[in-house]
Amino acid sequence: MMHCLSISAAIILLSVPVGLCAMEGDNALVSMPTPVKFKKVVLDTVFRSEGVAVADVNCDGKLDVMCGEVWYQAPDWKMQEITKPGNYDGAKGYSQCFANFAMSVRGDEWPDSLIIGFPSKDGVWWENPRGKGVPWKRHVVSTNACNETPVFEDLLGNSKPVFVYPDSGCITWFSIPKDPEQAWEKHVVSTNKAPGTKTYSHGLGVGDVNGDGRNDILVKEGWWEAPVDRTVSPWNFHLVDFGPDCANILVYDVNADGLPDVITSSAHKEGIWWFQQIKSGDKMEWKQHEIFAKLFSQSHALILADINRDKVMDLVVGKRFWAHGPKGDIDPNKPAVLYWIELQRVGNGEVKWLPHLIDDNSGVGTQFQVVDINGDGKLDVAVSNKKGVSVCLQE
C-alpha cells in the first residue's frame, strides 16, 4: 500500500531582485525592471531525484509533482510513495532518477510515471494504481538507457511523445507496444557506436533542423535527418560541431530569419551558446554565438518557454548543484541559481539575451519542467535535485 507522509510546504518570497541582468559581452550584473516575478514553494529538502514530472496523478483537477520514487499531492504537497524511497547522499552519489516524465501508457486519464535512471540502467514506467489504493507496478521500457540527457519528445509530430536515447550503442526511439506489459518497441536511428551513443554521452535533442516538417535527432556532433518513414534505419547523419559537452539541444529560429537554429549549454563547465543556421543554396553552415560565457557553471538542463508571454521563446536554465559532488567541476559550491533568459529581437537579425534570476537556492537537476502548475495562465518551474524539491510559481 502507498503511505502518505505530511510535509509542510514552505512558501518563500524571493528577496533577490528578479530583474538582475547580465549585459552581453562583459557579463556585468545590472538592475533592469521586469514584470515577471516568482515565489518559491519548497516541497521537500531531501534529495529525491534529479528529474521531475508534473501531472494530475490522482485526477482531482490539480497538478501534482512526481520525483522518482515519490509524488507530492497538490495543493498541500503531501508526499506519497510510488515505491520505497532510497536514501541518497548528494555529496557521495546519485539517485535512481535522472529524468522523469508523465503520460498514460494505457491511454486513459491516469498519468503514469516514466523514469530514466543512472545511464546504462533500465528505463522504466510505474503504472498508476488509478485510485485503487494498491502499489504502483514497475514495467521495463528498455534495459540499457544511456546519455545523460534522455528525452521524451514529439519526434513523430503527432502530439504523442516518445523516448529517444542511445540503447546498446545506437541512437534509438521507442514506441509503446500493443501489450504494455512488454518492453517497448525499439526503432534504431543510427549505426552502431555512432556519435553520441556512449553510456555517458552529453547532449541530445529533437527538432526540425532542415525545415522539412519532420523532427530530426541531434547530438553535439551533428544531427540525424528524419526520413518519411521513421522506422527506416539508419537515418542520414550530418556531421556538425555543436560545441562541447552539453545537455538539452534545442531547435528554434532565434533571429526570426526563417531558418531553425540550435541552442546548447555546458553540462559541467561554463557557457551557453546558439548556433545560427546559414544557407547558401543547398549548403547549410553554422555560426556559433555566445549567449553567456560565465553566468554560472554546470547548466545540465535547458528548456525553451515563453515566460513573459511576448510570443518569443525564452530559455529556462540553472546550475546543477553538486553534479559530481562538492569537489568536482567548476565552482560546485556556488549558489544553485535558476534563471529565465529573455530573448529580445532588436531588428536586422540581431538579438539580445537578458537573464533574470528566478531563485538562488534551487538550480536544476538533469531534467526539469516548465508548465502552468496552478492554472493561472503563467508558466511555472518545477525542479528536483540535490537541494530537494521545489516549484517556482510565477506571480
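This is a short tour of a predicted model, stop by stop.

**Stop 1: a four-stranded sheet**

Select strands S18, S19, S20 and S21. They form an open sheet in that order, and the pairing is antiparallel. Now look at the edges. Strand S18 (205–207) and strand S21 (236–239) stand there, each with a single partner strand, so one side of each has no neighbour in the sheet. From one strand to the next, the twist averages 25 degrees.

Zoom in on one pair. Strand S19 covers residues 216–219, and strand S20 covers residues 222–225. The two pair in the antiparallel sense over three bridges. Which residue of S20 stands opposite Ile-217? Select Trp-224 to see it.

**Stop 2: two cis peptide bonds**

Stay by the sheet for the next selection. Pick Pro-234, in the loop between S20 and S21. A cis peptide bond joins Ser-233 to Pro-234, with omega at about -5 degrees.

Then go to Pro-75. This residue lies in the loop between strand S8 (70–73) and strand S9 (78–81). Here the cis peptide bond joins Ala-74 and Pro-75, and omega is about 5 degrees.

**Stop 3: two residues with positive phi**

Select Lys-193, in the loop between strand S17 (185–188) and S18. Its phi is near 60 degrees, a positive value in a residue other than glycine. Is Lys-193 buried or exposed? Its relative accessibility is 71%, so Lys-193 counts as exposed.

Next, select Gln-298. You will find Gln-298 in the loop between strand S25 (283–297) and strand S26 (302–305). Phi of Gln-298 is also near 60 degrees, again positive in a residue other than glycine. Its relative accessibility is 0%, so Gln-298 counts as buried.

**Stop 4: the largest pocket**

End at the largest pocket, which holds about 730 Å³ of space. Which lining residues are the closest to its centre? Select Phe-101, Phe-152, Glu-153, Ile-303 and Gln-369; the lining has 28 residues.

Now colour the strands that contribute to this lining. Strand S10 (99–103), strand S14 (151–153) and strand S22 (250–252) are among those that each supply at least two residues. So are S26 and strand S30 (369–371).

Finally, colour the lining by class. It has 18 nonpolar residues, seven polar residues and three charged residues.

Technical notes: Residues numbered from 1 in each chain as written. Predicted model: local features only at pLDDT ≥ 70, side-chain atom pairs only at ≥ 80, totals over all residues. Heavy atoms only, no water. Pairing = 2+ DSSP bridges. Axes fitted to C-alpha atoms, helices over the stretch in contact; angles between N-to-C directions. Buried < 20%, exposed > 50% of the residue type's maximum accessible area, 1.4 Å probe, protein only. 1 Å grid on protein atoms, 1.4 Å probe; cavity = no way out; pocket = protein on both sides within 12 Å on 5 of 7 lines; lining within 4 Å. Points joined across faces, edges and corners; volume = space filled by probe spheres on them. Nonpolar A, V, L, I, M, F, W, Y, C, P; charged D, E, K, R; others polar.
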